[in-house]
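This report describes the architecture of one structure, from its sheets and helices to its domains and the relation between its chains.

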There are 2 protein chains.
Amino acid sequence: MELSKIIASIKKECPDITSVFFVGCGASKAELYPAKYFFEGNAKKLRVSLYTANEFVYATPVAVNEKSIVITCSLGGSTPETVAASKKAMALGAKVIAVTHNANSALAKNAHFVVVHGFEANYAAKLEKMTLVLGLATEILNQYEGYEHYDAMIDGMSKIYDVIETSVATAVTSAKAFAESYKDEPVIYVMSSGATHEVAYAFSICLLMEMQWMNSGSFHDGEFFHGPFEIVDKDVPFILLMNDGRTRELDARALTFLQRFDAKTTVIDSKDFGLASSIDSSVIDYFNPMLISAILRVYAEQLALLRDHPLTKRRYMWKLEY
Amino acid sequence: MELSKIIASIKKECPDITSVFFVGCGASKAELYPAKYFFEGNAKKLRVSLYTANEFVYATPVAVNEKSIVITCSLGGSTPETVAASKKAMALGAKVIAVTHNANSALAKNAHFVVVHGFEANYAAKLEKMTLVLGLATEILNQYEGYEHYDAMIDGMSKIYDVIETSVATAVTSAKAFAESYKDEPVIYVMSSGATHEVAYAFSICLLMEMQWMNSGSFHDGEFFHGPFEIVDKDVPFILLMNDGRTRELDARALTFLQRFDAKTTVIDSKDFGLASSIDSSVIDYFNPMLISAILRVYAEQLALLRDHPLTKRRYMWKLEY
């Protein structure tokens, strides 16, 4: 079902929704973040929250009820905590939308609506999850409150996949250079701001720690000057994800500092890929995370190749019960 | 002014507040988190957000208006981003409450109300900021919506300082053992859940990275199994902050895993300090962060001693413009 029709259907039955909850774990939680960030910044009345699934299950917010929309997200649709959260939301009377790659999964079966996203086809397909969730947030906001840049958002969502595919094709050379330079680092820091904040987080905990067993930390670059920057020294390795949009000032301030003290700095900058030539400035903030995530995927692939450590290699995940 | 009177005064002038924003940077942002977590979990209608100050300044949420309460927080009251955020909130017509140690600071001068907290006197004084902000959140919730456990919260706030002072006195031996064991680690991970989530964050970015120049990363322990746990191996160092409350299940699951694979694990557990003997179970979740922060302070002090690296030592902060 089209996103707009899902929300129209919910609105018909429940015209007085008061809160929206996004619930997921790990990469899926991080992929919900741009939608949460968009919604929190633009909603005039509606509430929004983002929870890691088990916290939603064990310390369920009192506002989850028949006036809530709960969006749950899991790639394979079998993440136990997220399935439990979806069931809990259903039991509390919320309208539940599952976003998953697997239409027959437990998550899909424990929801009122299912949004199925791609994954294997190409880099753009890997960003469908994040983009469709942003699309759901846009529909909720527009249908319940009105959103003045709705047309620009819809237009952006029609173009971002082409931007991604065009951009990744040009990223391999710089990705190889990154991999060569960072492959033996004892620890790598990642930071960004705005809608891209949790792209830094996901690259740190999933691509580096989970898929490469490399030590890493991440933080918002607005926080950099209030603690983490004291770790900066010549050659300490950072990855800075730079947005084209309102929080670029924060990213740029961090870059200036990293350069001043000769930190080892890799920058992935939406401006270098011409995001603004496809996406209207009124909504560009919200499309940086899709583009930058795709570029980072190329970077991770080159790192995995050079380290002879496939991105699918695990010691615990999928191998044992925990 | 008493916290209850500040909120009563705001309510008299503005009975239809719709949103609450917490704004700060670094440790001050983290110290706002327990109040935000409490409010998000217990408010039925009111919205709540927590922003790092510069993001609030550069990408100001559209809901900041005359129906908002904005709580800004800075120890010295001179953090430029937080002062700018306070000014912006005032200009947009919000009711602004500054929480600071310095009653004559720029932050205090750019607010409708000022809450002054202690710091130097003892460990309890260092936790006044976090506790008073939770007190403000409790008053807002109770006066605008009603909060069934209000009396238990007020009672808890009258007792937590004694719990802290009693507990820190017993923590020195284990803190020395921690310092001896972790002083030469190349990287240290910190994790927790619930209201204590950003205590882990603050220990990682402020105590370890900023004040000890030690590499570190932090994450919610509900997220541990969705990425970070793949870094676990024999002797990889973790600090796990265990709550007495609803999310203890998440903390315990992480502990079981760490022990199973012989990770180097330091646990700071509210149960070991008898938090439940002073704080009612209906509100205990929200008092873990104060107790655990105080214990961590003792741990950091012992680490600093053994490493001959005072907690006040900086290379950039307070020394140059950036």
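## Basis of the model

Which strands does H7(A) lie across, and at what angle does H7(A) run to S3(A)? H7(A) lies across S1, S3, S4 and S5 of chain A, and its direction is at about 175° to that of S3(A).

The model is predicted: local features need pLDDT of at least 70, side-chain atom pairs count only at pLDDT 80 or more, and totals for chains, interfaces and linings use all residues. Residues are numbered from 1 along each chain as its sequence is written, while chains are lettered from A and ligands numbered from 1 in the order in which they are written. Helices (H or I, at least four residues) and strands (E, at least two) are DSSP runs, numbered from the N terminus. Axes are lines fitted to C-alpha atoms, for helices over the stretch in contact, and angles run from 0 to 180 degrees between N-to-C directions.

## Two parallel sheets in chain A

An open sheet of five strands has the order S2-S1-S3-S4-S5 in chain A, with parallel pairing; strands pair if DSSP finds at least two bridges between them. S2 and strand S5 (113-116) of chain A each have a single partner strand, so one side of each is left without a neighbour in the sheet. On average, neighbouring strands are turned by 20° against each other, direction ignored. Strand S3 (residues 68-74) and strand S4 (residues 95-100) of chain A run parallel and are joined by six bridges, and A:Cys73 stands opposite A:Val99 in S4(A). H2(A) packs on this sheet, touching strand S1 (19-24), S2 and S3 of chain A, with its direction at about 165° to that of S2(A).

A further open sheet has four strands in the order S7-S6-S8-S9 of chain A, and its pairing is also parallel. Its edges are strand S7 (216-220) and strand S9 (264-269) of chain A, each of which pairs on one side only. The twist from one strand to the next averages 20°. Six bridges join strand S8 (residues 237-242) of chain A to S9(A), where A:Ile268 stands opposite A:Leu241.

## Domains of chain A

Domain 1 (3-147) and domain 2 (163-307) make up the assignment for chain A, the bounds coming from an automatic or database domain assignment. Their C-alpha centres lie 26 Å apart. Contact, defined by C-beta atoms, placed from the backbone, lying within 7 Å, links 15 residues of domain 1 with 18 residues of domain 2 in chain A. H2(A) gives the most to the domain 1 side, with seven residues.

That side divides into 11 nonpolar, three polar and one charged residues. Here Ala, Val, Leu, Ile, Met, Phe, Trp, Tyr, Cys and Pro count as nonpolar, Asp, Glu, Lys and Arg as charged, and the others, Gly among them, as polar.

## Relation of the two chains

In the interface, 55 residues of chain A are in contact with 55 residues of chain B. The chain A side has 23 nonpolar, 18 polar and 14 charged residues. Of the interface residues of chain A, 100% are also interface residues in chain B, so the copies meet through the same surface.

Terms used:
Two residues are in contact if their C-beta atoms, placed from the backbone, lie within 7 Å.
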